[in-house]
Amino acid sequence: MATGISPPSGRKRNGGVVSYNLEYHGKMPQREVLKIEPTEGRTVNIGETRDRLLYGDNLGILLSLLQDKSVCGRVRCVYIDPPYATSMAFVDRDVQHAYSDTLEGAAYIEFLRRRLIVLRELLADDGSIFVHLDQNMAFEAKIIMDEVFGRCNFRNFITRAKCNPKNYTRRQFGNVSDYILFYTKNGESVWHRPCLRWKPDRMREEYPCVDQATGRRYKKVPLHAPGTRNGETGTAWKGRMPPAGKHWQYRPSKLEQLDRAGEIYWSPSGNPRRKVYFDARKGIPIQDIWLGLKDAHNQNIRVTGYPTEKNFDLLRRIIRATTNPGDWVVDCFCGSGTTLEAARELGRNFIGIDNSDPAISASVRRLASGREKMGDFVGKNKSSVSRPAQTTLFE
Ligand SMILES: C[S@@+](CC[C@H](N)C(=O)[O-])C[C@H]1O[C@@H](n2cnc3c(N)ncnc32)[C@H](O)[C@@H]1O
């Protein structure tokens, strides 16, 4: 693995400034986007709750939320899974038209950019945004997000395995990945590190040592890092200098403290290493390749039967990591309501928006039935599908 040497004091490259732009016909200045006429949309009846499900074009509705003091600047997490510029029309299990994905090129980018500009305003200072796309537009969207949110607020380009391997006959590798662009509004954001549970074999392999005195399992890691330093971390500790071209990871006072606490292992030749105890770890921190979160491979086994319905646990992971109970979560391309249900299950409040009738119906059904599978509703008398006490969808 290549080990780069970071500049002293953790300075960011270019200070995070974007020195390039994606230029195209029809790009509206940001301040003009925020002056577009807001529209209220229609409120869908989902019962007595602070949560909101809104029907209509999301740009106007998002702009109207800018006037709402209980929402604007208070949204802790935005997740969107917009159309992907596939030039396709999607139908649900009833072969009913769900939505069209026909915008392409500059028109598509500007469609997305305008919504991102407004979503940024709605986010709290410690909020996060996740934009789910595939290989078609993810790279153009990254440049636009650098522009809207600032490159220094880019956190991850998450690769997700979306489906089982494909038996492609084309002369290329099978495409099983899609991507989630993760940005924060500012440097400090709500973050609860998601971790996976250790499997016993893997734990023994990674933490092979056992402390004789306490029986605690640990691994040994270096106490120095690449790069030289002129400050305290570049000086001698217990008469030892860091190896050539390296510096101590901690100041000598902290190294002293770790040693007193029995957290330093001394090799027979007198080399110090840090003991990292297994029981001090929450689990295996999740990295930026997400496996085990595939979408259902056909509509029969989806929860709602809505096309492009996303994996529920994917949304749970995102919301848990970046919000606290009671926070606002917004999904303005909510489709079948995966984000809304995950937010609700975790005790967060949601605002969902969509401009498709089947999407709104699927969201309503899901909010009424939770994670119960509803894909089989096709062919059955639809009135047998449980719905919230509602006579009309809209108020
Ligand atoms: C990829 S699907 C989202 C699926 C969703 N994540 C789920 O788990 O079911 C995209 C959704 O965006 C909606 N949509 C597209 N353009 C929209 C717009 N301008 N305003 C509101 N919703 C829109 C479509 O109706 C569709 O339901």
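## Strands, cores and ring pairs in a predicted model

In this predicted model, strand β14 and strand β15, the latter formed by residues 272-277, pair in the antiparallel sense over 3 bridges. Within that pairing, I264 has R274 of β15 as its bridge partner. The two strands belong to an open sheet of 4 strands, whose order is β10-β11-β15-β14 and whose pairing is antiparallel. Because β10 (209-210) and β14 (264-266) stand at the edges and each has a single partner strand, one side of each is left without a neighbour in the sheet.

The setting for these strands is a protein with 9 helices and 19 strands. Of its 395 residues, 46% count as buried. Among contacts with a separation of 6 or more, 68% are accounted for by residues 24 or more positions apart.

**Strand β7 and its partners**

Strand β7, made of residues 154-161, is joined to β8 by 7 bridges, and these two strands run antiparallel. In this pairing T159 has Y179 of β8 as its bridge partner. Strand β7 is also joined to β17, here by 2 bridges and with the strands running parallel. On that side R160 stands opposite W290 in β17. As a general point about such elements, the side chains of a regular strand alternate between the two faces of the sheet.

**The nonpolar cores**

Which residues touch the most other members of the largest nonpolar core? In this core of 43 residues they are I80, L116, L119, I129 and L133. The elements that give two or more residues to the core are the helices α2 (58-65), α3 (105-122) and α4 (138-149), together with the strands β3 (75-80), β6 (123-133), β8 (177-184), β18 (328-331) and β19 (349-354). The largest share, 9 residues, comes from α3. Apart from this core lies another, of 28 residues, among them I46, L314, L340 and L346.

When its neighbours within four places in sequence are left aside, I129 is in contact with V78, L116, L119, L123, M145, F149, L181, F182 and Y183.

**Aromatic rings and charges**

Two of the residues that I129 contacts, F149 and Y183, also form a ring pair with each other, and since their centres are 5.9 Å apart and their planes stand at 40°, the pair is tilted. This pair links distant parts of the chain, with F149 in helix α4 and Y183 in strand β8, 34 residues apart. Both F149 and Y183 are buried. A search of the whole structure finds 16 aromatic pairs, and elsewhere ring pairs link F90, Y99 and Y306 into a cluster.

**Positive phi values in two loops**

Where does S87 lie in the chain? S87 is found in the loop between β3 and β4 (88-91), and its phi is near 60°, a positive value in a residue other than glycine.

| Residue | Relative accessible area | Class |
|---|---|---|
| S87 | 42% | partly exposed |
| T308 | 26% | partly exposed |
| C72 | 28% | partly exposed |
| C77 | 0% | buried |

**Cysteines**

How many disulfides does the model contain? The count comes to 0 disulfides, where the term applies to a pair of cysteine sulfur atoms within 2.5 Å. In general, a disulfide is a covalent bond between the sulfur atoms of two cysteines.

Key: Residues numbered from 1 in each chain as written. Predicted model: local features only at pLDDT ≥ 70, side-chain atom pairs only at ≥ 80, totals over all residues. Heavy atoms only, no water. Pairing = 2+ DSSP bridges. Core = buried A, V, L, I, M, F, W, Y, C linked by side-chain atoms within 4.5 Å. Buried < 20%, exposed > 50% of the residue type's maximum accessible area, 1.4 Å probe, protein only. Contact = heavy atoms within 4.5 Å. Phe/Tyr/Trp six-rings, centres within 6.5 Å; stacked < 30°, edge-to-face > 60°.
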